[in-house]
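Subject: Handover of a structure and of the findings on it

Dear colleague,

Please find below the structure that I am passing on to you. A summary of the findings follows it.

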Amino acid sequence: MLSRINPSQTPEWSHLRGLANEFERLPLKERVHADPSRADRYRLEVGGLVWDYSRSASDDAIWKGLEALAERMELSVAIEAYFKGAPINETEGRAVLHTALRSSETAPLLVQGRDVRPDIAEVLGRMGRFSEEVLSGTLRGWTGKRIQSVINIGIGGSDLGPAMAYEALRAHRRPEVEVYYVSNVDGSHLAPLLEKRSADECLFIIASKTFTTQETMANAEAAKRWMLEQGMPEGQAERHFCALSTNAPAVAAFGIHPDRMFPFWDWVGGRYSMWSAIGLSLSIGLGHDRFLQLLKGAEAMDHHFRQAPWSENLPVKMGLLGLWYRNFLSFPSLAILPYDQNLHRFAAYLQQTDMESNGKSVGRDGHRLDYPTAPLVWGEPGTNGQHAFYQSLHQGFDRIPMDFLASVRPSYALGQQHSMLLANLLAQAEAFMNGLNPEEARKSMQAEGLDPSETERLLPYRVFQGNRPSTILWLPELSPYYLGMLVASYEHKIFVQGVLWNVFSFDQWGVELGKKLAKPIFKALLEQNPSGISDPFTRRNLEQLLSAEFPQRFDDR
């Protein structure tokens with residue numbers, strides 16, 4: 001059982017409030033430049049990853065205060081409960097053991113009296129054998145052709161994690177197949193993909209733990225109809241479909257052979273599931289050996305998180321800094337800015353992982369919280385973001401902290417472009433911190449040859465306040481191993497923040513209400529009869545859809 005301490009009622013929280021009031025009296029850039037040693041002291045290296053937090057809005061006293069709060073909130077106890085399989089997902093009565101999926105330890109790990117390690121090893125072995133069947137051409141379509149297109153159909157954690165990782169690791173993919181990801185129930189996601197594929201060369205991975213997820217099953221049924229229309233004989237679905245699920249009867253009813261079902265367990269949360277059978281698309285698309293390297297990198301971070309003292313613990317420090325920003329400096333959001341195009345889905349992945357985990361307003365004691373939790377997480381790769389939203393980051397009203405991510409070695413060497421990319425990252429971090437004061441802006445415009453009157457007219461627009469905090473997380477390279485380390489770092493950061501915010505990070509009841517309400521609305525659309533809908537505004541929307549009030553009358557039957 002995790003503690004039920006309300007952090008805002010602790011003396012440590014009050015002490016941090018006082019530190020925040022004092023900290024904000026001096027501009028951040030003055031604090032940073034007054035202590036050049038921060039460039040070395042505020043730098044943490046873990047197994048090749050380097051976290052530079054020298055431009056963070058923090059100082060030694062703040063770090064000491066944050067660690068004291070972590071002590072008060074019994075973080076070390078929570079970490080051990082996390083790794084040992086205690087049912088810390090208390091609202092659902094489940095353990096949280098995605099870390100076991102990437103563990104090489106052999107000592108028994110019991111969940112409800114059962115050692116889960118043999119089950120994990122068995123599924124992982126089956127994944128490896130199946131991946132080799134696909135890649136070697138042993139598994140073929142109904143016409144005898146090799147599988148060339150692997151299409152993962154899932155949503156949420158059954159899509160975002162694997163899709164992010166496959167995009168991130170494109171430089172490491174196997175040439176025998178191409179992997180695609182379909183999640184949206186909007187037909188515009190699946191239909192154009194099918195139009196360009198040869199049905200007898202397709203393998204569909206249906207990723208749904210219950211095999212009842214509405215959007216996933218709608219897309220799965222559409223894919224099966226398309227396969228039959230393209231000539232797949234009845235009873236041949238097992239050549240072209242496999243399931244990542246625990247619902248064997250539903251999988252069999254769909255036409256998938258039990259040998260093609262890869263299970264995972266209720267102690268694997270969706271947004272933490274790419275390490276499980278949900279990663280089958282990665283095992284195929286990258287090759288199973290590289291999938292194992294992904295797991296190995298995550299395991300290395302698990303060991304670090306569990307063993308390192310807090311002052312040297314990367315996920316703990318990331319979590320503490322985020323809490324400081326959210327609760328004491330009132331920063332509303334966090335920008336994830338990877339200077340690596342291969343990580344273009346990383347911010348979207350973290351949106352779910354962070355906001356679905358800690359976007360809560362009720363504490364573990366069942367009472368409403370009196371402080372905010374998860375920030376809005378968003379972002380895009382550099383340098384694209386520089387030509388989109390950096391204007392607001394630099395001169396907008398809100399101060400938004402930024403996580404820059406970059407690889408020292410590029411995935412693709414192309415002239416001097418990696419140097420240009422990293423130069424832009426470093427320049428932006430410097431600009432966000434230092435800004436440009438009026439005198440500096442005036443000198444810059446004078447150097448451009450502007451006359452004095454024009455200089456003074458434009459001066460207010462050319463000033464940058466600075467004081468925008470950022471960190472840089474450097475990867476040696478974007479390999480499976482280091483991506484595993486990176487993702488596990490953020491997973492554990494989110495766990496740390498959930499413990500300190502006194503919330504249950506591993507349920508997601510907020511996902512359920514809209515899904516429940518959609519069912520009668522869906523029925524009303526199919527029957528073209530909105531009379532049974534109680535909400536007057538929804539009913540009016542349906543009446544409009546089903547009437548001549550729209551230029552094109554709705555009909556989806």
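A pocket is here an open set of points on a 1 Å grid over the protein atoms alone, with protein on both sides within 12 Å along at least five of seven lines, whereas a cavity is a set of points where a 1.4 Å probe fits but cannot get out. Lining residues have an atom within 4 Å of a point. Grid points are joined across faces, edges and corners, and a volume is the space filled by probe spheres set on the points.

The model is predicted: local features need pLDDT of at least 70, side-chain atom pairs count only at pLDDT 80 or more, and totals for chains, interfaces and linings use all residues. Residues are numbered from 1 along each chain as its sequence is written, and side-chain values use heavy atoms, with hydrogens and water left out.

Pockets

The second largest pocket has a volume of about 480 Å³. Its lining consists of 19 residues, and those nearest its centre are Asp340, Gln341, Tyr412, His418 and Leu421. Helix H17 (residues 417-434) makes the biggest contribution to this lining, five residues; helices (H or I, at least four residues) and strands (E, at least two) are DSSP runs, numbered from the N terminus. By class, the lining of the second largest pocket has six nonpolar, ten polar and three charged residues. Ala, Val, Leu, Ile, Met, Phe, Trp, Tyr, Cys and Pro count as nonpolar, Asp, Glu, Lys and Arg as charged, and the others, Gly among them, as polar.

The largest pocket has a volume of about 1000 Å³. Thr213, Gln508, Val511, Glu512 and Lys515 are the closest to its centre among the 38 residues that line it. At least two lining residues come from each of helix H9 (214-229), helix H15 (346-358) and helix H21 (512-527), and H21 has the largest share, with four residues. The lining of the largest pocket comprises twelve nonpolar, 15 polar and eleven charged residues.

Helix H20 and its partners

Helix H14 (residues 314-327) packs against helix H20 (residues 480-501) at an angle of about 50°, and their axes are 8 Å apart. Axes are lines fitted to C-alpha atoms, for helices over the stretch in contact, and angles run from 0 to 180 degrees between N-to-C directions. H14 and H20 are therefore oblique to each other, given that angles under 35 degrees count as roughly parallel, over 145 as roughly antiparallel, 65 to 115 as roughly perpendicular and the rest as oblique. The contact of H14 with H20 has ten nonpolar, six polar and two charged residues.

H20 also packs with H13: the two axes come within 7 Å and cross at roughly 40°. H13 is thus oblique to H20.

Cavities

The count comes to four cavities of 30 Å³ or more. The largest cavity holds about 170 Å³ of space. Of its 16 lining residues, Gly322, Tyr325, Leu334, Asp403 and Lys493 lie nearest its centre. H14, strand E10 (333-338) and H20 each give two or more residues to this lining, and H14 gives the most, with five. The lining of the largest cavity divides into eight nonpolar, four polar and four charged residues.

With kind regards
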